[in-house]
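Biologist: Could you take me through this structure? I would like to begin with the open spaces and then turn to the helix packing.

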Amino acid sequence: MSASTTPATSDQVSAPPPTELSAADPRRTLLGSTLQSVLAVVVALILGGLLIAVTDERVRQAAGYFFARPGDTLSAMWRAASSAYIAMFYGAVYNPNGSTLADRLYPLTETLTVATPLILAGLGVALAFRAGLFNIGAQGQILIGATLAAWVGFAWQLPVGLHLLAVVVAGAAGGAVWGGIVGLIKARTGAHEVILTIMLNYVALNLVAWLLTLPGFQREGSSNPISPPVAETAMFPKLLGDHFRLHWGFVVAVLATVAVAWLLNRSTVGFELRAVGANPRAARTAGISVTRGFIVVMLLAGLLAGLAGTAQIAGTEHSLTSGVAASFGFDAITVALLGRSRPWGTFFAGILYGAFRAGGVTMQSMTGTNIDIVLVVQSLIVLFVALPPLFKFATRRSQEAAA
């Protein structure tokens with residue numbers, strides 16, 4: 001064979017280096033999603049800072065002579081926004097003014113405490129998202145889980161350890177049943193899960209309000225709608241001692257994140273759920289039961305939200321009220337969206353939102369900034385996270401119409 005017909009050398013046909021990401025590489029997709037989430041948070045914080053600035057009294061005063069001395073207005077805007085965010089940092093991460101190390105780290109433990117139910121409920125919403133279901137019923141699932149957990153906590157008398165285990169199981173089972181009702185109805189009748197979960201949220205709220213008027217649930221000697229406190233044997237132990245509110249429910253949230261990550265990425269059930277979410281028709285053709293997938297995923301989503309209710313009862317509130325779920329069930333939707341419906345993304349998004357909640361109170365007390373600014377920032381994050389998919393959808397529809 002002549003030199004001119006010698007096959008190409010390995011250098012001429014070699015593939016890209018292993019570290020280089022191709023356009024179809026899943027690592028590139030994950031990197032792009034993470035970058036979009038980070039940018040959404042950054043842009044939302046910038047716009048939130050502008051809103052803080054324009055509502056500040058000193059900024060408005062300086063703006064009265066803006067054209068004479070524009071630097072004063074800009075300086076006042078920077079001071080207003082930066083002082084508010086510094087105060088939020090002090091309340092959410094680290095307070096350098098604390099007299100002891102425990103006092104300085106207390107804000108971080110508060111962030112993790114608030115993040116615990118957000119992470120658990122967010123995992124439930126994210127898991128349903130991955131199976132193609134829009135679970136906005138975490139609020140009701142938290143309430144039912146908290147109700148059963150509270151009842152076992154104050155009505156049962158069990159030994160230490162066993163009592164807490166019974167509370168956790170009861171809360172998880174309550175949430176699972178409430179979520180499973182949605183999955184079962186959707187699987188059998190085809191009813192839309194959004195309508196079902198909205199209605200069951202109201203059912204759960206009113207059911208809890210009614211139960212708290214009954215002698216077995218209402219605290220003796222109180223006219224307020226509140227249950228008896230759960231026994232000490234039914235409470236999560238403090239994770240870092242009595243000086244902090246952080247409890248072992250946060251460890252449960254970490255373990256739940258690990259479990260959901262394994263379920264989605266390493267198990268046959270997780271593969272089937274993702275297949276149903278990606279293309280139900282193709283999954284059915286491949287022999288996967290779509291109806292069973294709907295039931296299983298809503299059971300698991302409700303279970304996780306029920307654990308969030310348990311964290312509230314056994315970890316922080318220790319009594320059942322109609323407001324025990326706060327807005328955790330609805331915030332969980334935002335947490336799941338920001339986390340791109342991935343377990344660890346949802347975990348860190350829950351911590352971020354916990355920081356917003358914990359730091360917002362300090363921001364208001366130190367600077368006088370309205371805490372509703374935090375809600376505005378959270379809403380902007382959702383908007384910016386949702387914009388890229390909406391833009392892609394609109395572009396695809398326009399291309400289809402043009403074709």
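**Pockets, a cavity and a helix pair**

Modeller: This is a predicted model. In the second largest pocket, the lining residues comprise 10 nonpolar, six polar and two charged ones.

Biologist: Which residues lie nearest the centre of that second largest pocket?

Modeller: Thr-34, Leu-338, Gly-339, Gly-345 and Phe-348 do, out of 18 residues that line the second largest pocket. The space in this pocket is about 370 Å³.

Biologist: And which helices supply at least two residues each to its lining?

Modeller: Those are helix H2 (26-54), helix H9 (249-266) and helix H14 (343-367).

Biologist: What about cavities; how many are there of 30 Å³ or more?

Modeller: The structure has one, and about 30 Å³ of space lies in the largest cavity. Its lining consists of Leu-120, Val-168, Phe-236, Gly-249, Val-252, Leu-307, Thr-310 and Ala-311. H9 and helix H12 (290-317) are the elements that give two or more residues to this lining.

Biologist: Which element gives the most?

Modeller: H12 does, with three residues. By class, the lining of the largest cavity has six nonpolar, two polar and no charged residues.

Biologist: Changing topic, at what angle do H6 and H8 pack?

Modeller: Helix H6 (residues 138-155) and helix H8 (residues 193-211) pack at about 30 degrees, and their axes are 7 Å apart. Angles under 35 degrees count as roughly parallel, so H6 is roughly parallel to H8.

Biologist: Which residues of H6 make the contact?

Modeller: On H6 they are Ala-138, Gln-139, Gly-140, Leu-143, Ile-144 and Thr-147. The H8 side includes Asn-201, Ala-204 and Leu-205. The contact of H6 with H8 has eight nonpolar, four polar and no charged residues.

Key
Residues are numbered from 1 along each chain as its sequence is written. This is a predicted model: local features need pLDDT of at least 70, side-chain atom pairs count only at pLDDT 80 or more; totals for chains, interfaces and linings use all residues. Side-chain values use heavy atoms; hydrogens and water are left out. Axes are lines fitted to C-alpha atoms, for helices over the stretch in contact, and angles run from 0 to 180 degrees between N-to-C directions. Helices (H or I, at least four residues) and strands (E, at least two) are DSSP runs, numbered from the N terminus. Angles under 35 degrees count as roughly parallel, over 145 as roughly antiparallel, 65 to 115 as roughly perpendicular and the rest as oblique. Contact means heavy atoms within 4.5 Å. Ala, Val, Leu, Ile, Met, Phe, Trp, Tyr, Cys and Pro count as nonpolar, Asp, Glu, Lys and Arg as charged, and the others, Gly among them, as polar. On a 1 Å grid over the protein atoms alone, a cavity is a set of points where a 1.4 Å probe fits but cannot get out, and a pocket is an open set with protein on both sides within 12 Å along at least five of seven lines; lining residues have an atom within 4 Å of a point. Grid points are joined across faces, edges and corners, and a volume is the space filled by probe spheres set on the points.
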